[in-house]
Amino acid sequence: MINKLEINHLRTLSALYQLGNISAAAEHLSVSQQAISLQLKKIRTILGDQLFVRTGHGMIPTPYAKDIEQHIEKILTHINNIPLANAFLPQEVERTLVICATDYTQEVIVTELIKELRQYAPKIKVIVTNIEHANLTKKIHQGSIDIVFTTSAYVPEGLISTPLFIEKYLCVTANKTIERTHDLSLQQLTKHDFVITSPGVGSFIGSADTWFEQQGFPRQVAVSAPSFHMAKETLKHSNMVGFIPSRLLPYDGLFELPLEKYPPGYQVVAAYHPSAKHDLLINWLLDSVQKKFTH
C-alpha cells in the first residue's frame, strides 16, 4: 500500500516531525487543521502505524515514524531539487524558505533579502531562525534549513560555502573623555574595559582576544553580550569600548575611535547542503545577494 503515498502526505509528515503540533503544521503548510488530521489518518492507514502520538507536549513520533524520518526527508529533498524546465520565474514559486542567520547577517543581509522576495517572489513564505550551532548540522542535513548566512569560521563541515564579502571591525564608544585627536595606540585602548559579542555561548573570550595577546596588549572584557544590538546598546550607556562590524554603523550615541592597528575582519558567507547546489531558488538568492555587495 506504500505506493499510495503522495507528495502531500510526505510534506505533512515532515511538518509534524519539525513542529510536533497539528495546528503549527497546518499553519506551516497553509492548510486547515482538519486537513492535516485527515491527511494523518490516511497516512496511518497506508503505513499501518499510528506514526504520531498526542501527549501533553504535542505530537511525538512512534519508533516506526522515527525509523522512516530520514527516508521522508531525503525524498522531499530530491523532489525540491528537481530543476524546472525553462527560465526560473521567482514570481511563480510557491515555497517556504527557511533562513538561518546570525544577528549580524539578519540585519545586513536577510532584512533586505526579504524585501526583495516580497517584490519579486511574493508567493514564497520565509522563516528566519537564529543560529544554534549545536543543532545546525543536523537540521541542514534533515533539510529543515535551506540556507545559512554566517561567517566562514562557523560553517559546519560538509556544506557548500559561497563567499559574499569581507567585513571589518571599527572601534566605538560613548565615552567622550577618550582622546580622539589622533589614532589611539593599542596600549592606550586597552586601558579601557571592553564589551564583546559572544553569540550562542556566553564567554569573556571574543574573536579578537588572541590578536590582542599577539600584539602584547591583552584586553579586559567587562561585559559579554549575546548580540551586536545588545553590545551597541550597552556601549551607548557606559564608558566602555568595543568593536562593532562596520555595516552596523553609524549608531546613534556612539562614535568611532580611530586606531593605529585593527584586529582582522572576517568573511561573510552563505552555506547550504550539497543537495541544494542545483536548487534554482537558492541560486537566485545567492546571485541577488552577491550583486548587492559587489556593486
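A residue is called buried when its relative accessible area is under 20%, exposed when it is over 50%, and partly exposed in between (1.4 Å probe, protein chains only). By that rule, buried residues make up 44% of the 295 residues in this protein chain. This is a predicted model, where local features need pLDDT of at least 70 and side-chain atom pairs count only at pLDDT 80 or more, while totals for chains, interfaces and linings use all residues. Residues are numbered from 1 along each chain as its sequence is written, and side-chain values use heavy atoms, with hydrogens and water left out.

**The whole chain**

- The protein chain has 10 helices and 12 strands. Helices (H or I, at least four residues) and strands (E, at least two) are DSSP runs, numbered from the N terminus.
- Along the principal axes, the C-alpha atoms fill a box of roughly 80 × 45 × 30 Å.
- Contact means heavy atoms within 4.5 Å. Take the contacts between residues at least 6 apart in sequence: 73% of them join residues at least 24 apart.
- The chain exposes about 16,200 Å², and carbon and sulfur atoms supply 52% of it. Such areas come from the Shrake-Rupley method with a 1.4 Å probe; for residues, only the protein chains shown count as cover.
- The chain has 27 positive and 27 negative charges, and their mean positions are 6 Å apart. Lys and Arg count as positive, Asp and Glu as negative; His and the chain ends are not counted. Each charge is placed at NZ of Lys, CZ of Arg, CG of Asp or CD of Glu.

**The five-strand sheet**

- An open sheet of 5 strands has the order β9-β8-β10-β7-β11, with mixed pairing. Two strands pair if DSSP finds at least two bridges between them.
- β9 (220-225) and β11 stand at the edges. Each has a single partner strand, so one side of each is left without a neighbour in the sheet.
- Strand β7 (residues 169-173) runs antiparallel to β10, and 5 bridges join them. Look for Cys 171: its bridge partner in β10 is Phe 243.
- Helix α9 (residues 228-236) lies across β7, β8 (193-197), β9 and β10. Helix α9 runs at about 145 degrees to β10. Axes are lines fitted to C-alpha atoms, for helices over the stretch in contact, and angles run from 0 to 180 degrees between N-to-C directions.

**The β1-β2 hairpin**

- β1 and β2 form a hairpin with 2 residues between them.
- The two strands run antiparallel, and 4 bridges join β1 to β2 (residues 58-61). Val 53 has Ile 60 in β2 as its bridge partner.

**Backbone exceptions**

- Most residues other than glycine have a negative phi, and most peptide bonds are trans.
- Ser 30 has a positive phi, near 60 degrees. Ser 30 sits in the loop between α2 (22-29) and α3 (33-47), and is partly exposed, with a relative accessible area of 46%.
- Leu 51 also has a positive phi, near 70 degrees. Its place is the loop between α3 and β1 (52-55). Leu 51 is buried, with a relative accessible area of 0%.
- The peptide bond from Leu 249 to Pro 250 is cis, with omega near 0 degrees. Pro 250 lies in the loop between β10 (241-245) and β11 (255-256).

**A buried serine**

- Ser 14 belongs to helix α1 (residues 7-19). Ser 14 is buried, with a relative accessible area of 6%.
- Leaving aside neighbours within four places in sequence, Ser 14 is in contact with Glu 73 and Leu 76.
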